[in-house]
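Sequence and structure come first.

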Amino acid sequence: MKRWSWILIVVLLLTTVLTACGGKQEAQTEKIRLALILPSTIDDMAWSQSMYEGVMAVQKEMGEDKMEVAVSERLGNPVDAGAAIRQYADQGYNIIIAHGSQYQNVLEEIAPDYPDVSFAYGTGYEAHDNIFAYDPQAQEGAYLQGIIAGMMTKSNIIGVVGPVEAGDAIKYNYGFQQGVEAVNPDAEVRIAYTGSFGDIAKAAELAKAHMDAGADFLTGTAQQVVGAINAAKEHGGVYWLSNDMDQSSLAPETVISAQVYHWEKVVQQIIDAHQKGETGKHIVLSFANGALELKYNPQLESQIPQEVKDAVEQAKQQIIDGTLTVKLPEN
Amino acid sequence: MFAQLLHPDVIIGILATGVRLATPFLLAALGEMFAQRSGVYNLGVEGVMMMGAFSGFWVTLTTGSPWLGVLAALLIGAVMGLLMAFISVTLQAEQGISGIGLYMFGWGLAGFLFRLLVGYVTSVDGFHDIPLPGLSRIPVLGTVFFDHNWMVYFSYLLIPITWYILFKTTWGLKVRAVGVTPEAADTLGVSVARIRYTCVIIGSMLAGMAGAFLTLGHTNMYADNITAGRGFIAVALVYFGRWTPLGIAGGALLFSTVDALQLWIQVLGIDIPYEFPVMAPYVLTIIVLALVSGRIWQPAALGRPFDREG
């Protein structure tokens with residue numbers, strides 16, 4: 001028995017080695033080996049999960065034999081992430097996506113050492129050589145959700161549960177305020193931050209404070225919002241506008257709409273560019289190129305008045321054809 | 001601009017939030033107080049809290065009973081406490097290092113088990129608020145103190161209970177003796193190892209319960225890193241409170257109330273850069289620590305393994 005298993009292992013090993021060699025000789029289109037570095041986890045129901053699902057969608061389309069995926073989670077600290085990124089590059093991964101704006105500096109440092117590897121990070125816009133930067137125009141969908149909240153709020157108080165005033169959150173909150181302002185100048189948008197991305201207890205507490213202070217519409221960004229969404233669900237009588245991905249499964253009676261990021265389009269673009277040997281690009285996710293989408297929760301859609309939907313649709317068309325630009329803070 | 005803060009509803013909101021936010025700190029820090037009083041500092045509180053948060057959540061998710069969830073968190077806490085006691089008391093390892101090890105172990109294991117056993121964000125039906133009859137009707141105080149779930153009440157009851165145990169019982173006297181001069185306690189026939197084991201395990205069980213409060217009495221869900229550093233703040237609060245239940249309670253309430261205040265300052269749209277409110281509780285804690293640290297007393301044998309021969 002024991003001898004047989006040894007023989008089996010040797011045979012298996014030999015086959016692997018031989019096929020690996022064979023593969024290399026006849027490789028015309030190189031197999032894509034993609035590594036994904038995530039600040040939180042693939043099941044955070046927000047920022048990281050949406051990107052993970054995007055990558056998996058691309059893999060499904062290309063086939064597992066053409067694309068290999070490795071994921072490292074919980075690397076919110078860029079220094080730890082840097083070690084993982086180098087390891088992936090050393091192991092021959094050819095595309096490494098570090099999913100967060102905090103990884104920009106780390107990539108700037110590592111990328112020159114591995115000219116054949118394509119690196120990507122975002123939210124960001126500085127792309128060059130072998131560094132791609134992807135850039136969701138979070139303010140666009142935020143503006144549309146601002147219209148929903150602004151037209152539907154009864155208390156005229158709208159609460160934002162923000163993480164840290166940076167990257168995606170700034171763009172989202174800025175766009176959201178403009179959307180509310182455009183349809184209901186009397187409504188007050190109250191922006192508060194927890195100072196963390198992942199503290200769901202703090203986010204829940206912040207949502208409770210917003211609701212105690214009279215807010216009937218709530219929104220927010222980052223993975224911590226799941227705590228706030230649950231607090232809103234338990235409180236009842238308020239709506240949540242979600243971002244990153246459709247979070248309505250968490251609270252089907254509370255999450256009224258969602259700005260969804262179609263990361264699969266970004267991942268596909270990076271792969272295409274890599275295969276063509278192109279240099280790093282600034283990849284924008286917008287309504288115009290279809291990488292952003294506004295989804296209504298089918299269960300609550302009937303509660304949205306037609307005039308609100310019309311206003312949203314009109315603004316969306318204006319954003320797409322460029323007649324309406326949602327402003328970003330200057331700097 | 002600050003006038004809104006003086007509105008009675010807002011003041012009540014801030015105080016009630018502060019009382020609720022203090023609960024995990026109280027549970028974890030009062031437990032850690034026992035461990036440190038007996039001479040062992042357990043820096044692994046955060047990891048035990050993570051495991052308590054996860055096990056409480058998972059058991060509630062699978063059985064539907066948050067009571068079983070709390071029980072599971074207490075058991076897991078006891079097991080992790082036993083591990084810490086074995087390493088630091090029996091094997092006499094350096095406590096700081098083993099505590100950090102315990103933290104990383106609990107933090108990693110909780111995330112791993114969550115992936116293995118649950119794997120998606122979901123919520124449970126946790127503990128509900130129980131307004132205390134009569135008491136909750138008292139204006140202001142009623143809402144602030146007497147309209148919470150039982151874990152909040154329990155954590156406040158622990159303040160007098162732990163005070164009584166530590167200062168008025170023979171066992172409490174032994175704990176204090178072991179934490180100051182274990183050699184003398186040993187000659188008087190007190191088993192240093194047994195006292196330390198018991199204290200570390202009690203502390204760890206309360207830390208597990210503090211974690212379960214986050215998932216079953218506060219957010220009713222679990223997410224990666226839900227403790228977000230609260231375990232380390234609890235350890236700091238033990239120093240802050242000078243190893244006394246009242247001091248720890250004061251520190252926990254001060255920290256949490258300032259935290260609640262800063263949330264409300266933001267919610268009311270008072271125009272200050274948000275970084276200042278967010279850091280206020282921490283800054284305040286540092287200031288108070290700096291002011292009181294002059295003649296600080298601490299258990300003399302804290303961090304020192306006891307070896308009869310040595």
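In helix H10(B), the buried residues are Arg230(B), Gly231(B), Ile233(B), Ala234(B), Val235(B), Leu237(B), Val238(B) and Phe240(B). The model is a predicted one. H10(B) runs over residues 230–240, and with 8 of its 11 residues buried the helix is mostly covered. The cover over these buried residues includes helix H7 (200–212) of chain A. From chain B, it includes H1, H2, helix H9 (192–218), helix H11 (245–267) and helix H12 (275–292). After H10(B) comes Arg242(B), with a positive phi near 50°.

**Helices H2 and H3 of chain B**

H2, one of the helices that cover H10(B), also packs against H3(B). The table gives the two helices and the residues through which they meet.

| Helix | Residues in the contact |
|---|---|
| H2(B) | Gly47(B), Val48(B), Met51(B), Gly52(B), Ser55(B), Gly56(B), Val59(B), Thr60(B), Thr63(B) |
| H3(B) | Pro66(B), Leu68(B), Gly69(B), Ala72(B), Ala73(B), Ile76(B), Gly77(B), Met80(B) |

By class, this contact has 9 nonpolar and 8 polar residues, and no charged residues. The axes of H2(B), residues 45–63, and H3(B), residues 66–90, come within 7 Å and cross at roughly 145°. The crossing is right-handed.

**Nonpolar cores**

The largest nonpolar core has 118 residues, and the members that touch the most others are Trp240(A), Met151(B) and Tyr222(B). Helix H1 of chain B, residues 8–37, gives this core its largest share, 15 residues. Another core, of 57 residues, lies apart from it, and its members include Phe176(A), Leu241(A), Leu285(A) and Ile304(A).

What does Tyr222(B) contact, leaving aside its neighbours within four places in sequence? In chain A the partner is Ile200(A). In chain B the partners are Met50(B), Ala53(B), Phe54(B), Phe57(B), Ala110(B), Gly111(B), Phe114(B), Thr122(B) and Thr215(B).

**Chain A as a whole**

Chain A has 10 helices and 12 strands. Its radius of gyration is 22 Å, close to the 20 Å that the globule rule gives for 331 residues, so chain A is as compact as a globular protein of that length. The C-alpha trace of chain A spans about 75 × 50 × 35 Å along its principal axes. Of the 331 residues of chain A, 55% count as buried. Among contacts in chain A between residues at least 6 apart in sequence, those joining residues at least 24 apart make up 69%.

Definitions and conventions. Residues numbered from 1 in each chain as written. Chains lettered and ligands numbered in written order. Predicted model: local features only at pLDDT ≥ 70, side-chain atom pairs only at ≥ 80, totals over all residues. Heavy atoms only, no water. Core = buried A, V, L, I, M, F, W, Y, C linked by side-chain atoms within 4.5 Å. Buried < 20%, exposed > 50% of the residue type's maximum accessible area, 1.4 Å probe, protein only. Helix = DSSP H or I, 4+ residues; strand = E, 2+ residues; numbered from the N terminus. Contact = heavy atoms within 4.5 Å. Axes fitted to C-alpha atoms, helices over the stretch in contact; angles between N-to-C directions. Left-handed = near helix turned anticlockwise from the far one by under 90°. Nonpolar A, V, L, I, M, F, W, Y, C, P; charged D, E, K, R; others polar. Rg over C-alpha atoms; globule rule 2.2 N^0.38 Å.
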